[in-house]
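Please walk through this structure with the sequence and the model side by side. The text below goes from strands to helices, then to aromatic rings and a pocket.

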Amino acid sequence: MEPWELREWYADYLDACNRHDLEAVRSFLDPGVRRAHLPAGADAWLDELAELFRAFPDWQWRRIQLVIEDDRIAAHLRGGGTHQGAFRGIAPTRRHVNVAEFAMYRVTGGRITEVTGSGDAELVSALRGR
């Protein structure tokens, strides 16, 4: 894909995430997607997204910056929502949180094959009031 195509592709991916449409998100993932320090595979990724969406039914991401080079995408995002369900063992706080996220993706044949990112430490810290 050309850089402009990856930019549009990522906008479609982020739209599917923001609609909380897990089947649409699946269409962007390679079934064996590798994730740094996390279980591999699309099912594991989608299970984690489902947990996030149950805990934060209004969760949305906003793209801050996108850098594309060859088959790689570097994304700086802001994610936020209201904590209304248990998340990572933390009971609902009803707090609205807004956190910075960074992710690096490798896209092959229109699907994410590798990803690494900032993880959810900042989100967990915000829920614990730190």
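This is a predicted model: local features need pLDDT of at least 70, side-chain atom pairs count only at pLDDT 80 or more; totals for chains, interfaces and linings use all residues.

Which residue of E4 does Leu-77 stand opposite? The residue facing Leu-77 is Glu-101 in E4. E3 and E4 run antiparallel and are joined by 11 bridges.

Strand E2, residues 60-69, runs antiparallel to strand E3, residues 72-82, and nine bridges join the two. Within this pairing, Gln-60 stands opposite Gly-80 in E3, and Trp-61 stands opposite Gly-79 in E3. E2 and E3 form a hairpin with two residues between them.

Asp-70 belongs to the turn of this hairpin, in the loop between E2 and E3. Asp-70 is not a glycine, yet its phi is positive, at about 55 degrees. Is Asp-70 buried or exposed? The relative accessible area of Asp-70 is 61%, and exposed means over 50%, so Asp-70 is exposed. A positive phi also occurs at His-20, where the value is near 60 degrees, again in a residue other than glycine. His-20 sits in the loop between H1 and H2.

Among the helices, H3 can be checked for its length. With 14 residues at 1.5 Å a residue, H3 should span 20 Å, and its end C-alpha atoms are 20 Å apart, so the two values agree. The buried residues of H3 include Trp-45, Leu-46, Leu-49, Leu-52 and Phe-53. Several alanines are buried in H3 as well, among them Ala-42, Ala-44, Ala-50 and Ala-55.

The aromatic side chains come next. A pair of aromatic rings is described by the distance of the centres and the angle of the planes. In this model the count comes to 10 aromatic pairs. One of them is formed by Trp-9 and Phe-28, which are edge-to-face, at 5.3 Å centre to centre and with 70 degrees between the planes. Trp-9 lies in helix H1 and Phe-28 in the loop between helix H2 (22-26) and strand E1 (29-35), so this pair ties together parts that are 19 residues apart in sequence. Both Trp-9 and Phe-28 are buried.

Phe-56 and Phe-87 give another example. Their ring centres are 5.6 Å apart and their planes stand at 75 degrees, so this pair is edge-to-face. Because Phe-56 lies in the loop between H3 and E2 and Phe-87 in the loop between E3 and E4, the pair ties together parts that are 31 residues apart in sequence. Phe-56 is buried, as is Phe-87. Trp-9 and Phe-28 are also members of one aromatic cluster, together with Tyr-10, Tyr-13 and Tyr-105.

Two or more lining residues come from each of helix H1 (3-18), helix H3 (42-55), strand E4 (96-108), strand E5 (111-117) and helix H4 (121-127). Which element gives the most to this lining? E4 does, with six residues. By class, the lining has 20 nonpolar, five polar and six charged residues.

Notes
Residues are numbered from 1 along each chain as its sequence is written. Side-chain values use heavy atoms; hydrogens and water are left out. Helices (H or I, at least four residues) and strands (E, at least two) are DSSP runs, numbered from the N terminus. Ala, Val, Leu, Ile, Met, Phe, Trp, Tyr, Cys and Pro count as nonpolar, Asp, Glu, Lys and Arg as charged, and the others, Gly among them, as polar. Two strands pair if DSSP finds at least two bridges between them. Rings of Phe, Tyr and Trp (its six-membered ring) pair if their centres lie within 6.5 Å; planes under 30 degrees apart count as stacked, over 60 as edge-to-face and the rest as tilted. Buried means under 20% relative accessible area, exposed over 50%, partly exposed in between (1.4 Å probe, protein chains only). The expected span of a helix is 1.5 Å times one less than its number of residues.
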